[in-house]
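Biologist: I would like to learn how to read a model of this kind, beginning with the fold and ending with the ligands. Could you take me through it step by step?

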Amino acid sequence: MAALLSCQVRVLPLLLLLLLCYLGPSAAVLFSSLPKTIIVTASPSPGQVLYAGVDQMNVTWAINQSLPGATVSAYKKVKVSFCYAPASQADRGWRKTDDNLKKDKTCQFKITTQPYATAGSVAYTVERSIPTATFFVRAYVLDSEDAEVAYGQSTNAQKTTNLFDVVGITGRHSSLGIAAACFSAFSVVALAFFFVVEKRKAKK
Ligand SMILES: *[C@@H]1O[C@H](CO)[C@@H](O)[C@H](O)[C@H]1NC(C)=O
Ligand SMILES: *[C@@H]1O[C@H](CO)[C@@H](O)[C@H](O)[C@H]1NC(C)=O
């Protein structure tokens with residue numbers, strides 16, 4: 001009995017610690033709770049088509065000066081991302097928007113993270129990993145714990161204006177891809193052929 005008690009005494013703090021770790025940082029940030037204090041501009045004109053791995057764009061952001069009382073003292077970083085427009089999210093669960101930012105899959109492609117300043121900009125070549133889709137740009141302001149505390153985006157709240165398109169690598173080089181596939185199929189056949197020939201030679 002005494003042994004059991006001492007075991008409990010030793011294990012209990014550990015369990016509490018585990019529970020604390022579990023509950024601690026997971027306070028969910030809801031997108032709908034964030035103030036829109038940042039003005040974000042992306043250089044592509046509405047409907048412009050950019051080619052992944054080739055085209056450049058500029059993104060600028062600035063705090064909206066006409067908003068008094070933004071808690072700027074908590075602002076530590078600005079994280080800028082490519083975000084899927086609603087048209088490119090339809091029927092695609094893996095791009096789904098969720099108000100809980102831990103589960104949100106709207107903005108999967110980071111453009112840059114920089115220390116917070118009242119204004120900033122970045123020149124960005126559309127990365128080769130960006131797929132064919134319609135996008136806008138969103139900036140999150142992060143606090144010292146990397147939690148989102150404010151945002152801004154290059155489109156309106158309904159995500160219908162200033163959208164642009166990206167043509168991804170895979171969409172573009174499909175003929176090259178087919179050629180490569182044929183070539184590798186051919187090499188497998190060739191390998192099998194020579195294998196059989198060698199075996200026959202060996203038998204003789
Ligand atoms: C980005 O900004 C630089 C410097 O202002 C400019 O030279 C360049 O043309 C811009 N690029 C685009 C795609 O707007
Ligand atoms: C800046 O904030 C003001 C006050 O809320 C708002 O009316 C205005 O539209 C904002 N400016 C931009 C460019 O979002």
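Biologist: Among contacts in the protein chain between residues at least 6 apart in sequence, what percentage join residues at least 24 apart?

Modeller: Two residues are in contact if their C-beta atoms, placed from the backbone, lie within 7 Å, and here 74% of those contacts join residues at least 24 apart. This is a predicted model, in which local features need pLDDT of at least 70 and side-chain atom pairs count only at pLDDT 80 or more, while totals for chains, interfaces and linings use all residues. Residues are numbered from 1 along each chain as its sequence is written, and chains are lettered from A and ligands numbered from 1 in the order in which they are written.

Biologist: How many helices and strands are there in the protein chain?

Modeller: Helices (H or I, at least four residues) and strands (E, at least two) are DSSP runs, numbered from the N terminus; the protein chain has 3 helices and 9 strands, in the order α-β-β-β-β-β-β-β-β-β-α-α.

Biologist: Which residues have the most contacts inside the largest nonpolar core?

Modeller: A nonpolar core is a set of buried Ala, Val, Leu, Ile, Met, Phe, Trp, Tyr and Cys residues joined through C-beta atoms within 7 Å, where buried means that 20 or more other C-beta atoms lie within 10 Å of the residue's own. The largest one has 29 residues, and Ile38, Phe135, Val137, Ala139 and Val141 have the most contacts inside it. Its largest share, 7 residues, comes from S7.

Biologist: Which residues surround ligand 2?

Modeller: Counting residues whose C-beta atom, placed from the backbone, lies within 6 Å of the molecule, ligand 2 is surrounded by Ile39, Asn64, Ser66 and Leu67.

How values were computed. A residue is buried if 20 or more other C-beta atoms lie within 10 Å of its own, exposed if 12 or fewer, and partly exposed in between; C-beta atoms are placed from the backbone.
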